[in-house]
Each structure stands twice: as structure tokens, then as C-alpha cells.
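I open this entry to look up a few charged pairs and one further residue. The notes follow the order in which I checked them.

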Amino acid sequence: MAATAIVKSLHIVSSSQEFLSFNPVTNTKTKTQHLKFTKTSFSPSYRRLRLSIRASSTSSSSSNSDHQLRVQILSESLPYIQKFRGKTIVVKYGGAAMKSDELKASVVRDLVLLSCVGLRPVLVHGGGPEINVLLNQLNIPAQFHDGLRVTDARTMEVVSMVLVGKVNKDLVSRINFAGATAVGFSGMDGRLLTSRPSPNAAKLGFVGEVARVDSTVLQPLIDNGYIPVIASVAADEFGQSYNINADTVAGEVAAALGAEKLILLTDVAGILTDREDPGSLVKEIDIKGMKKMIEEGKVSGGMTPKVNCCIRSLAQGVTTASIIDGRVQHSLLHEIMTDEGAGTMITG
């Protein structure tokens, strides 16, 4: 018995965007069939419909892949969440991460997420870029010495206005809007910080050091899930205000709170053995190795106070201190939630 192929219809889409149809037609006299060929051009709406269906199919596949990736990332984060849950993490925020709205939003979202999964973040901030903008508007020259801002009486007024009145309240507002609850402080509030003049006061002016940290006002807030946001301005015992390097403040606050981790957001990838070679990043180093790099002159300028505050905080009981690249979105999560990290980690 011979096989019989029955063709009901055949449709082909041509490269010229035409619809080619081959339909069987029966001759009533001879009882035979032949194929009738017809050609139809696509209407614009039909083309859009086909493109829409294809795009929807591709989008659906991509969406499923994205969802799977998110689930995988959350699953892999579990050991790190368990490790740091209930631990205090002090973050110093400044530099490039303050200049970009995208980076600012990234830092805020990271802090809120860490708080939501059980970590206890504390944010310490400077405000160099914002201070420079207002100084420029007031025609006051900005000067630096060994990475620290030279601060005369006029500059001190500007520093207080910008850090306490503008930057601090903006960060508190952003964190609150993102879903956590933040409380803003300067060093003067609740006698959180007591300052003293820098040993180099003759050259630096009203630049101070941290003489004492009283964490009494912070601890109840941290224990109840609030995120303290601290501006790096404090007064001495006589009420004189001082501009204090935010890295230094972060290190001393971390030590006073017995923090698990101190993280400094910077404008570089971390500590480099060769400042001209981004590929020379040191991923992990202990205090002894860090002091050797300082002696060899591989650490200088603005990196010096950062490294010194890390060493000092580790000596006072902080478990690890990291200097990470604040120019990269979500570098904070990368540092805490991965083994690879996002910069240089210094250990005791």
C-alpha cells in the first residue's frame, strides 16, 4: 500500500517580510488537487505583533534567568549572614561615593539590607566634596597637609554647617526613605566624642583628634535596630569645635563599640604595593606587614590616616578592618558577603 502525503496548507515567511501561502485546491471535474500560491505583504501592525511576541518570549527567558540568579546569590549569602548576624559593623562613608547619586543610593541600600538581615551597621561620614563646594562659593581656599584639611576659624564654620546641617541630615533622610530608621549625630551630641587639638595644630588649625568616645548614647539605639549616622565634628572640654578626620572617628567608634568589622570606603581599589599599578592590590595583610609597607614608603598621603586608624582599631579589639573601593556599586555587600572582598582587609 502506497504512502499518501496530505498537505493541508504551507506558510513561509520570506526575507522581504512577505507571507507566502500554499493551499490545496480541488478540481471538481478531474477530482485532482494542486497547490495554489498566494503572496501577502505584512502590515506594520502585524510586524509589530510578531516582534512583540518574539521579544516577550526572549524577555520571559531572560527574566527566569535573572530570578534564578537572584535566588542563587541569596542562597550563597547565608553563611555570611550567619557569621555577621548580631555583629556591629562600622562603615566610614566619603570620597567618590558621595559625589554620585547612584553610588550614594548603592551605599544606603547596602546599609539597609545589612540591617534587615540582622547586622548592626553604624555609619560615620565626612563630606570633603560638599565642603569644597561651599568653600569655593565663599571664595575660601581649601588647603591640605599630609592628607588632612587645614582648618582655620572660617573653614571650621563651613565644616560644621556642611557635615552636621547638610550631609548628616541628607543621609538620615535617605536611610529612612529606604526602609530602615536612622538617627543623626555629631560628636557633640550626647558627648559622643570629646576632641583635643592635633599635635600638629600650628599647621592644621582646628583639626582635632579623638580624646574619648562615650558610646552610652549609641548602644541602646543599636540594640533596638536603629542605624546611627555620625558626622566627624566634635568639641573639646572647653566647647571649641574641631574638624576630625572621618576615618579616625570611624576607627575610634568601632573600637569603643567592640565592632566585628571596620570598613573604610575610599577612592582607590585598596592598598597597592605600587601606587601606579592597580593590579598590585593587596587583598589581605596583617598589622606587621602593614607597618613594613609604611616603613618602605609604600603608604603615604591620604592613605596614611586610613591605615593608621585601621591599625589602632585592630589594636583595641576590632576583629578586621577593610579599605575598599567606594567607586564600585555595592562594594559594601561585596566586602561582607563574599570571600573575595572588595579591597584590602587588614587583620590583627
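I started with R312, which counts as partly exposed because its relative accessibility is 45%. The model is predicted, so I read every value here as computed from a prediction.

**R312 and E252.** I looked for the salt-bridge partner of R312 and found E252, with the closest N and O atoms 2.4 Å apart. The pair links distant parts of the chain, since R312 sits in helix α9 and E252 in helix α7, 60 residues apart. Is E252 buried or exposed? I noted a relative accessible area of 10% for E252, so this residue is buried.

**L314.** I stayed in helix α9, residues 303-315, where L314 is also placed. L314 has 8% relative accessibility and therefore counts as buried, the cut-off being under 20%. Which residues does L314 contact, leaving aside neighbours within four places in sequence? I listed I287, T319, T320, A321, I346, T347 and G348.

**Salt bridges in the whole structure.** How many salt bridges does a search of the whole structure find? I recorded 12. I looked up two more pairs by name.

**E260 and K87.** E260 forms a salt bridge with K87, and their closest N and O atoms are 3.8 Å apart. I placed E260 in the loop between α7 (246-257) and β14 (261-266), and K87 in the loop between α1 (44-84) and β4 (88-93), so the pair ties together parts 173 residues apart in sequence. E260 counts as buried because its relative accessibility is 18%. K87, at 32% relative accessibility, counts as partly exposed.

**E130 and K166.** I found the side chains of E130 and K166 meeting in a salt bridge, at 3.0 Å from N to O. E130 belongs to helix α3 (residues 128-137) and K166 to helix α4 (residues 153-178), so this pair ties together parts that are 36 residues apart in sequence. I checked accessibility for both residues. E130 has a relative accessible area of 22% and is partly exposed. K166 also counts as partly exposed, at 46% relative accessibility.

Methods:
Residues numbered from 1 in each chain as written. Predicted model: local features only at pLDDT ≥ 70, side-chain atom pairs only at ≥ 80, totals over all residues. Heavy atoms only, no water. Helix = DSSP H or I, 4+ residues; strand = E, 2+ residues; numbered from the N terminus. Buried < 20%, exposed > 50% of the residue type's maximum accessible area, 1.4 Å probe, protein only. Contact = heavy atoms within 4.5 Å. Salt bridge = Lys/Arg side-chain N within 4 Å of Asp/Glu carboxyl O.
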